[in-house]
Amino acid sequence: KRLSRDSNITCILGCRNMDLGKKAIASLNKDGCTNLDLVEIDLDKDDTHDKVARYILETYGKCDILVNNAAVCFNDSTLYGKVPHTPFEKQAEITVGTNFLGTLSLTEKILPLLEKSSSPRIINIASSAGRLSILPSEERRKSFSCHDLSIDKLKEFMNEFVQDAQNGNHVENGWPNTGYGVSKVGIIAMTKILAKKYPNMMVNSVDPGYCRTDQNNNQGFVPPERGALTPFLLVTIDGEKQFTTGNHWYEGQAISWMYQ
């Protein structure tokens, strides 16, 4: 809210449900935020990624900041009664497809617009569920944290997890029993790859904590405003004086990816 109210930055909300997006805009307007825009984005629909990138280019000419926040989490097998029971092998496909592959696709479409900015930055919202230590296999941990890991190889790993989950042999092949966790491992690994590939761009991931949102049926104990603080600081930090990239953050501090 403060970012929109106190600066000339236009905040573009990317929403899958445009009606809910309009309600969010109206609520923010009441709080004094006026530099707002709304676009339709569905991480599961690549064509919306193209449309959004084209809209930003034609309307604004560039993108300075990309905050990737959307995700799905089957912390309840029915998403608290909103969908039928979903077996793990299907959860894995949906979760990785949305949280990792969808986020990666959108990011790749926005990257050319970020390169037009004088201070480009990406903030990927991750989770403590994505700490490297959730991978029970040391070989897996080394593969994901390898300095030379590429986006293509990372995609292979993520698709391998989905395939193993569908085959029912993911545990014996060194994977944990959490599609959400693996998807966030992928997001943090993607963050580090992009930070190396684009050295003039600030690319960081953030664990916002267990925030009280619809995703967990409002059972989280961290107020959403608190969870948004570290991403806000990364958005507003003076990149010329304090350039930071390739890090994973929690509560305003860069932390180890292995343990958190």
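Biologist: Which residues does His 170 touch, leaving out those up to four places away in sequence?

Modeller: A contact here means heavy atoms within 4.5 Å. By that rule, His 170 touches Phe 88, Asp 164, Ala 165, Trp 175, Pro 176 and Asn 177, with residues up to four places away in sequence left out. Before you read on, know that this is a predicted model: local features need pLDDT of at least 70, side-chain atom pairs count only at pLDDT 80 or more, and totals for chains, interfaces and linings use all residues. Residues are numbered from 1 along each chain as its sequence is written, and side-chain values use heavy atoms, with hydrogens and water left out.

Biologist: Where is His 170 found, and is His 170 buried or exposed?

Modeller: Look for the loop between α6 (151-167) and α7 (179-197). Those labels come from DSSP runs, numbered from the N terminus: helices are H or I with at least four residues, strands are E with at least two. Now for burial: buried means under 20% relative accessible area, exposed over 50%, and partly exposed in between, using a 1.4 Å probe and protein chains only. His 170 has a relative accessible area of 8%, so this residue counts as buried.

Biologist: Let's zoom out. How many helices and strands does the chain have?

Modeller: There are 9 helices and 7 strands. The C-alpha atoms fill a box of roughly 50 × 40 × 35 Å along the principal axes.

Biologist: What does the radius of gyration say about the chain?

Modeller: The radius is taken over C-alpha atoms, and the globule rule is 2.2 Å times the number of residues to the power 0.38. With 260 residues, a compact globule would come out near 18 Å; the chain has 18 Å, so the two agree.

Biologist: How many of the residues count as buried, as a percentage?

Modeller: 45% of the 260 residues. As for the contacts, take those between residues at least 6 apart in sequence: 72% of them join residues at least 24 apart.

Biologist: Which residues of the largest nonpolar core touch the most other members?

Modeller: The general idea is that in soluble globular proteins, nonpolar side chains tend to be buried together. A nonpolar core is a set of buried Ala, Val, Leu, Ile, Met, Phe, Trp, Tyr and Cys residues joined through side-chain atoms within 4.5 Å. The largest one here has 45 residues, and Phe 100, Ile 110, Leu 114, Ile 122, Phe 144, Leu 154 and Met 190 touch the most other members. Elements giving two or more residues to this core are α3 (46-60), α4 (88-114), α6 and α7. A second, separate core has 8 residues, including Leu 13, Cys 15, Ile 25 and Leu 38.

Biologist: What does Phe 100 touch beyond four places away in sequence?

Modeller: The partners are Thr 95, Leu 154, Lys 155, Met 158, Ser 183, Gly 186, Ile 187 and Met 190.

Biologist: Where is Ile 94 found, and what does Ile 94 touch?

Modeller: Ile 94 sits in helix α4. Skipping residues up to four places away, Ile 94 touches Val 72, Phe 74 and Thr 86. Ile 94 and Phe 74 are 20 residues apart along the chain, with 9.5 Å between their C-alpha atoms. With a relative accessible area of 31%, Ile 94 is partly exposed.

Biologist: And what is Ile 65 in contact with, neighbours within four places aside?

Modeller: Ile 65, in strand β3 (65-68), is in contact with Ile 9, Leu 114, Arg 121, Ile 123 and Val 235. Ile 65 has 22% relative accessibility, so this one counts as partly exposed.

Biologist: Last one: what is the phi of Glu 251?

Modeller: Most residues other than glycine have a negative phi. Glu 251 has a positive phi of about 50 degrees, although this residue is not a glycine. You'll find Glu 251 in the loop between β6 (248-250) and β7 (253-255), and at 34% relative accessibility Glu 251 counts as partly exposed.
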